[in-house]
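Q: Could you take a close look at one part of this model for me, and then walk me through how its surroundings compare? I'd like one connected answer.

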Amino acid sequence: MSILNLLLPAKCVVCASGGEQFCEGCRESLPLLRPPLCERCGAPTAWPVARCRECFGRRLAFASARAATEYDGSVRRFVAAWKERGLRRLALEAAELVAGAVPPPRASLVTFVPPDRERILLRGHHPAERLARELGDLWELPVRPLLGWARSIPHQRGLGLPERRRNVAGAFRSAAEAPSRVALVDDVYTSGATAAAAASALRKGGARRVEVITFARVVR
């Protein structure tokens, strides 16, 4: 045991019990998303559907979206520790949960939603990129940045669904030529607005099929 562990014993980021940064009990109790799911956006449904009430009628540039777990209170604490407290090793925990719950994408390359400049300066890391790189290792797929920002946007937090969609429309640009099939990684799928805008930019950069993969997903 290191001196740091003696001075600052590890506590679970979810339940605060001692011993591990993410304890086995909390790992096993996460609300994993299982079928039936909406074929397009990955929302839980009563039976398999091609489009659910959440994505019906929307023009979505991605072919599918899948997440490992529902964004409930325990997952919110996990994500906050990973993103805001700088516990970067939780990215591997998140990636292993994704790889265990989500089928590997039919893609030749993994990319990620680009970092917000202000937030990466505050955090010192980019969670979506770290998750993408961990997943790339697990799936044995190359990882490359393909997207940049076309313009700055206000933060999404606190905005309603229509405002979120307008806020990010056209916010991304293609920064490199994309292969035909791409897996797009982000940490949390909230409304799908960011994923749709980023996928649209990838399509303009040459991708024909974009699969969105996130650690968690807001369930309405």
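A: Helix α7, residues 161-168, is where R166 sits. This is a predicted model, so please read every value below as computed from that prediction. R166 counts as exposed because its relative accessibility is 55%, and the cut-off for that label is over 50%. As for its place in the fold, R166 and G124 are 42 residues apart along the chain, and their C-alpha atoms are separated by 28 Å.

T69 belongs to strand β1, which covers residues 64-70. With a relative accessibility of 0%, T69 counts as buried, since the label applies under 20%. Along the sequence T69 and L32 are 37 residues apart, yet from C-alpha to C-alpha they are 4.1 Å apart in space.

Back to arginines, now on the surface. R106, R181, R203 and R208 gather there in a patch of positive charge. One of them, R208, is found in the loop that runs between α8 (193-204) and β6 (209-217). R208 counts as exposed because its relative accessibility is 68%.

Next, the aromatic rings. The count comes to 6 aromatic pairs. Among them is the pair of F78 and W82, which is edge-to-face, with 6.3 Å centre to centre and 70° between the planes. The two residues are 4 residues apart in helix α3 (residues 73-83), so about one helical turn separates F78 from W82. Both F78 and W82 are buried.

Another aromatic pair joins W149 and F172, and this one is tilted: the centres are 4.6 Å apart and the planes make an angle of 35°. W149 lies in strand β3 (residues 147-149) and F172 in strand β4 (residues 172-174), so this pair ties together parts that are 23 residues apart in sequence.

Conventions:
Residues are numbered from 1 along each chain as its sequence is written. This is a predicted model: local features need pLDDT of at least 70, side-chain atom pairs count only at pLDDT 80 or more; totals for chains, interfaces and linings use all residues. Side-chain values use heavy atoms; hydrogens and water are left out. Patches are made of residues with over 30% relative accessible area and no salt bridge: like charges are joined within 9 Å, nonpolar side chains (Val, Leu, Ile, Met, Phe, Trp, Tyr) within 5 Å. Accessible areas come from the Shrake-Rupley method with a 1.4 Å probe; for residues, only the protein chains shown count as cover. A salt bridge is a side-chain nitrogen of Lys or Arg within 4 Å of a carboxyl oxygen of Asp or Glu. Lys and Arg count as positive and Asp and Glu as negative; His and the chain ends are not counted. The place of a charge is taken as NZ of Lys, CZ of Arg, CG of Asp or CD of Glu. Buried means under 20% relative accessible area, exposed over 50%, partly exposed in between (1.4 Å probe, protein chains only). Rings of Phe, Tyr and Trp (its six-membered ring) pair if their centres lie within 6.5 Å; planes under 30 degrees apart count as stacked, over 60 as edge-to-face and the rest as tilted.
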